[in-house]
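Visitor: I have not looked at this one before. Can you walk me through some of its packing?

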Amino acid sequence: MNLTHELELFPDLRVTQVLFKEVKNAAELRQCAVEGKIKGALINPTMLVSPFQVLVAANKAVSLQKIGKMKTRSLFSEIIFNLSPTNNISEAFKRFGISDSDVSVLVVLVHNKDESQLVSDITARVNGQQVPAEDVPSLTDFAKVKKLYKVTPQEEKCGTLLDAVVCRMATKDVM
């Protein structure tokens, strides 16, 4: 159900993604995250193309944290910010963070390999149905994603939507 990856550049760290649908307590979860009671990023999965997109954002966030160059206050807010194609932090939270009315949420945890308790803590907090993290594309609003990332039909002919999205995420700092 969960999707966990070791970060190649930081082998002591893992990124775990846990997906929920039919969530009934999004407002409560968002408030807990704001207060720092949830040690994870709460992401609206309708704006995600693939779990790989989140892995790229998390990897970049950890790298920036290690060198002291984060643009936001926490690792988890940096993950959300890194999903965005723009450098506007508040816009990133509007697009990729969860809102009180959301019915699905992807929780992203960054942890050491011996911190498996985090997943069960999150699962206990969410009032919703856990589904495999690989099911993210079934919740995606592809039209909104294409519009946000300004993906053209010509671009999709020579690559995938995921390619276009990750490219924009990776290059936003230099464009």
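Guide: Start with a pair of helices: F52, Q53, V56, A57 and K60 in α2 meet L162, V165, V166, M169 and A170 in α8. By class that contact has eight nonpolar, one polar and one charged residues. Ala, Val, Leu, Ile, Met, Phe, Trp, Tyr, Cys and Pro count as nonpolar, Asp, Glu, Lys and Arg as charged, and the others, Gly among them, as polar. To meet, or be in contact, means having heavy atoms within 4.5 Å.

Visitor: What sort of model is this, and how are residues numbered?

Guide: This is a predicted model, in which local features need pLDDT of at least 70 and side-chain atom pairs count only at pLDDT 80 or more, while totals for chains, interfaces and linings use all residues. Residues are numbered from 1 along each chain as its sequence is written, and side-chain values use heavy atoms, with hydrogens and water left out.

Visitor: And the helix names?

Guide: Helices (H or I, at least four residues) and strands (E, at least two) are DSSP runs, numbered from the N terminus.

Visitor: Back to α2 and α8. At what angle do their axes cross?

Guide: The axes of α2 and α8, residues 161–171, cross at roughly 15 degrees and come within 10 Å. Axes are lines fitted to C-alpha atoms, for helices over the stretch in contact, and angles run from 0 to 180 degrees between N-to-C directions. The two helices, α2 and α8, are therefore roughly parallel. Angles under 35 degrees count as roughly parallel, over 145 as roughly antiparallel, 65 to 115 as roughly perpendicular and the rest as oblique.

Visitor: How do α2 and α3 cross?

Guide: Helix α2 (residues 51–66) and helix α3 (residues 75–83) have axes that cross at roughly 130 degrees and come within 8 Å. That pair is therefore oblique.

Visitor: Which residues of α3 does α2 meet?

Guide: In α3 they are L75, E78, I79, N82 and L83, and the α2 side includes Q53, A57 and L64. The residues of this contact divide into nine nonpolar, three polar and two charged.

Visitor: Q53 came up for both. Is it buried or exposed?

Guide: Q53 is buried, with a relative accessible area of 0%. Buried means under 20% relative accessible area, exposed over 50%, partly exposed in between (1.4 Å probe, protein chains only). Leaving out residues up to four places away in sequence, Q53 touches M47, L48, L83, F96, Y149, L162, V165, V166 and M169.

Visitor: Y149 is in that list. Which residues of α6 are buried?

Guide: In α6, residues 142–149, the buried ones are V145, L148 and Y149. Their directions from the axis fall within an arc of 85 degrees, so they line one face of the helix. The arc is that of the directions from the helix axis to the C-beta atoms. On the face of α6 turned away from the buried side are the exposed residues A143 and K147.

Visitor: What covers the buried residues of α6?

Guide: The cover includes α2, α3, α4 (89–96) and α8. Just after α6, K150 takes a positive phi of about 55 degrees.

Visitor: Switching topic: where does L19 lie?

Guide: L19 lies in strand β2, residues 13–21. At 0% relative accessibility, L19 counts as buried. Its C-alpha atom is separated by 8.2 Å from that of P45, 26 residues apart along the chain. Beyond four places in sequence, the residues L19 touches include P45, V105, L106 and V131.
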